[in-house]
Amino acid sequence: MASFKIEGGRLLSGTITPQGAKNEALQVICATLLTSEEVTIANIPDIRDVNNLIQLLRDIGVKVRSEERGAKSEERVYAFQADSLNLEYLQSDEFVHKCAELRGSVLMIGPLLARMGKAVVTKPGGDKIGRRRLDTHFLGFKYLGAKFRHIESRDVYEISARSQKSRANSLKGTYMLLDEASVTGTANIIMAATMAEGTTTIYNAACEPYIQQLCHMLNRMGANISGIGSNLLTVVGVSKLNGTEHRLLPDMIEVGSFIGMAAMVGDGIRIKNVSLRNLGIIPDAFRRLGVKVETDGDDLLIPRQKHYVVDSFIDGTIMTLADAPWPGLTPDLLSVLIVVATQARGSVLFHQKMFESRLFFVDKLIDMGAQIILCDPHRAVVVGHDRKLTLRAQRMSSPDIRAGIALLIAAMSANGTSLISNIEQIDRGYEHIEHRLSALGARIERITPSAP
């Protein structure tokens, strides 16, 4: 298990560019299974979750090749062609085991149902941040007419969209009201519905920019999706999808992480090409903590601030930041916002509504000297130090991707040298993060245990 050794107290300055969006990448890479033609995707991040998904597609027979886009370009571009899938391997225990270790694999179900008529699934892996149920996915497939069969001996579910009387795809369009605006659930249902017979109407659909990107890509492939950007989507089924080219948006969570980093340890940082119109209220969430976030075209400028003062509501009550479905604040950034709040002037109540275990990492911040009251699994009050008391270096372990980057930011601001273990969690979502931050002046060393 690798670790990061961080020498804190160093100011960072310069320019950094966000990677391609992790969550969008998982969706659109799985969407390549919907066609036998080649689909080219640009700006793919070099991170563990995405690389593992690409390898999983290779394992099932998808042809994957890297494309060069100019001698100086460091952007990753891959072409995918799913023209000869290994159907036997798709039913194997080895495939199911690999899917169980990668949460993004759940996004393969919709495309496989639409094109192949069947899929085998088990509970997928991912962050241990509380319950992340798949009911929305499965209810959507049931609305479309899929049948479920539990195979107890393998503890898996076999999902079938084939008619018993013929080999024709029996998914049929229908109206559905989703029980929650699940992003991955919406993406999965959209992909299954693209090739269903008739019209599917999805109400209470997630409408994040990454869902919009998926829909635009599918339409370029020949799908018929309308209502994009709203929570009411209409999908008219088609019989065949074609190849296309697609470019990922910048990762909004990484942009937010860099804003938080710049607020804590920045001496003037420019975040380039952020796709400002797709960031929603993320910049304003940091502004509510008193962080100056300036715009220059499609770049964000975060100047050095000796102090930043938390806003209060108009009636004078304590500032509250809570996660919510898009266009609300993404839950993935609450960890970073909590760390930023530890050095603000003022107090903030954070309300993590979606996951009941994501705030438990604050005990590590408390050990570092932060003033945080964990009210319950969903709420924490942070009393800012106003930089009068610097966090202390600590040994700690990264519990998940987002808490991991928050702890890394805290360690960079702390006095002394910190050690963060289990950084494989950070690697799942952040591309070569130690090298990119070192280019800004950070002192981060990756320590890899030697082989026995």
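This is a predicted model: local features need pLDDT of at least 70, side-chain atom pairs count only at pLDDT 80 or more; totals for chains, interfaces and linings use all residues.
Residues are numbered from 1 along each chain as its sequence is written, and side-chain values use heavy atoms, with hydrogens and water left out.

View A. The buried residues here are L334, S335, V336, L337, I338, V339, V340 and A341. Buried means under 20% relative accessible area, exposed means over 50%, and partly exposed is in between (1.4 Å probe, protein chains only). Helices (H or I, at least four residues) and strands (E, at least two) are DSSP runs, numbered from the N terminus.

**View B. W326 and P327 are joined by a cis peptide bond.** Omega comes out at about 10°. You'll find P327 in the loop between β17 (319-322) and α11 (334-341).

**View C. S275 has a positive phi without being a glycine.** The value is near 55°. S275 sits in the loop between β14 (266-271) and α10 (282-288). Its relative accessibility is 12%, so S275 counts as buried.

**View D. H432 isn't a glycine, yet its phi is positive.** Here phi is about 45°. Look for H432 in the loop between α14 (424-427) and α15 (433-438). H432 counts as partly exposed because its relative accessibility is 39%.
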